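Subject: Structure handover

Hello,

Here is the structure I promised to pass on.

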Amino acid sequence: MKTYVGVFTARLETPWVTSLKEKRAVIRPVMERIKARFPVSAARVAGLDEHGWEQVGFSVVGGDAEWVDGVLDAVERFLYAAGEYRVVVLAREVLVFDGTMIPGGER
């Protein structure tokens, strides 16, 4: 049986904010709404100490590639529509695990 892991990252730009507190007030609510609405793990992964940008990441695991891709599509659409920031860089990948193990990979 195959397992599919979808990973999606985005760079959110906020060049008009003047403090980290202001940036968190823009990005944190969107991240919380995404985690509540979609079956994903979500994290703020880079740029935490920068005023003008932040990178966020999302992941989802499932047994159907189309479902995983659909969840990532929905998160992407929500991210574009929900916040007061610019989405400027996106990276997205769906990895496939087929249950085979390479030697030395057992634990």
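The notes below go from the overall fold to single residues.

**Ground rules**

This is a predicted model, in which local features need pLDDT of at least 70 and side-chain atom pairs count only at pLDDT 80 or more, while totals for chains, interfaces and linings use all residues. Residues are numbered from 1 along each chain as its sequence is written, and side-chain values use heavy atoms, with hydrogens and water left out.

**The fold**

The protein has two helices and four strands. Both kinds of element are DSSP runs numbered from the N terminus: helices are H or I with at least four residues, strands are E with at least two. Along the sequence the order is β-α-β-β-α-β. The C-alpha trace spans about 50 × 30 × 20 Å along its principal axes.

The protein has 107 residues, and 31% of them count as buried. Buried means under 20% relative accessible area, exposed means over 50%, and partly exposed lies in between (1.4 Å probe, protein chains only). Accessible areas come from the Shrake-Rupley method with a 1.4 Å probe; for residues, only the protein chains shown count as cover.

Now the contacts, meaning heavy atoms within 4.5 Å. Take those between residues at least 6 apart in sequence: 70% join residues at least 24 apart.

**The core**

A nonpolar core is a set of buried Ala, Val, Leu, Ile, Met, Phe, Trp, Tyr and Cys residues joined through side-chain atoms within 4.5 Å. The largest one here has 24 residues. Leu 12, Ile 34, Val 40, Val 56, Phe 58, Val 75 and Leu 79 touch the most other members. Two or more residues come from each of β1, α1, β3 and α2. Helix α2 gives the largest share, seven residues.

Ile 34 is one to click on. Setting aside neighbours within four places in sequence, Ile 34 contacts Val 40, Phe 58, Val 75, Phe 78 and Leu 79.

**Lys 23 and Glu 54**

Which side chain meets that of Glu 54 in a salt bridge? Lys 23 does, at 2.9 Å from N to O. Lys 23 lies in helix α1 and Glu 54 in strand β3 (residues 53–62), so the pair ties together parts that are 31 residues apart in sequence. Here a salt bridge is a side-chain nitrogen of Lys or Arg within 4 Å of a carboxyl oxygen of Asp or Glu. In general, side chains of opposite charge can pair when their charged atoms come close.

Are the two residues buried or exposed? Both Glu 54 and Lys 23 are buried. Lys 23 has a relative accessible area of 0%, and Glu 54 also comes out at 0%.

Helix α1, where Lys 23 sits, covers residues 20–37. A polar atom of the Lys 23 side chain also lies 2.7 Å from the backbone oxygen of Glu 50. Beyond four places in sequence, Lys 23 is in contact with Thr 14, Val 17, Gly 47, Leu 48, Glu 50, His 51, Trp 53 and Glu 54. With the same exclusion of residues up to four places away, Glu 54 touches residues including Ala 10, Arg 11, Leu 12, Ile 27 and Arg 44.

**Other salt bridges**

The whole structure holds eight salt bridges. Two further ones follow.

Arg 92 and Asp 73 meet through their side chains at 2.6 Å, N to O. Arg 92 is in strand β4 (residues 86–97) and Asp 73 in helix α2 (residues 65–82), 19 residues apart. Salt bridges that share partners join Asp 69, Asp 73, Glu 76 and Arg 92 into one network. Arg 92 is partly exposed at 31% relative accessible area, and Asp 73 is partly exposed at 29%.

Lys 35 pairs with Glu 32, with the closest N and O atoms 3.3 Å apart. The two are three residues apart in helix α1, so about one helical turn separates them. Lys 35 is partly exposed at 37%, and Glu 32 is partly exposed at 44%.

**A surface patch**

Val 7, Leu 95 and Phe 97 make a nonpolar surface patch of about 230 Å². Patches are made of residues with over 30% relative accessible area and no salt bridge: like charges are joined within 9 Å, nonpolar side chains (Val, Leu, Ile, Met, Phe, Trp, Tyr) within 5 Å. Val 7 belongs to strand β1 (residues 3–13). At 34% relative accessibility, Val 7 is partly exposed.

Best wishes

Conventions: Polar contact = N/O pair within 3.5 Å; in protein donor to acceptor, adjacent residues only side chain to side chain.
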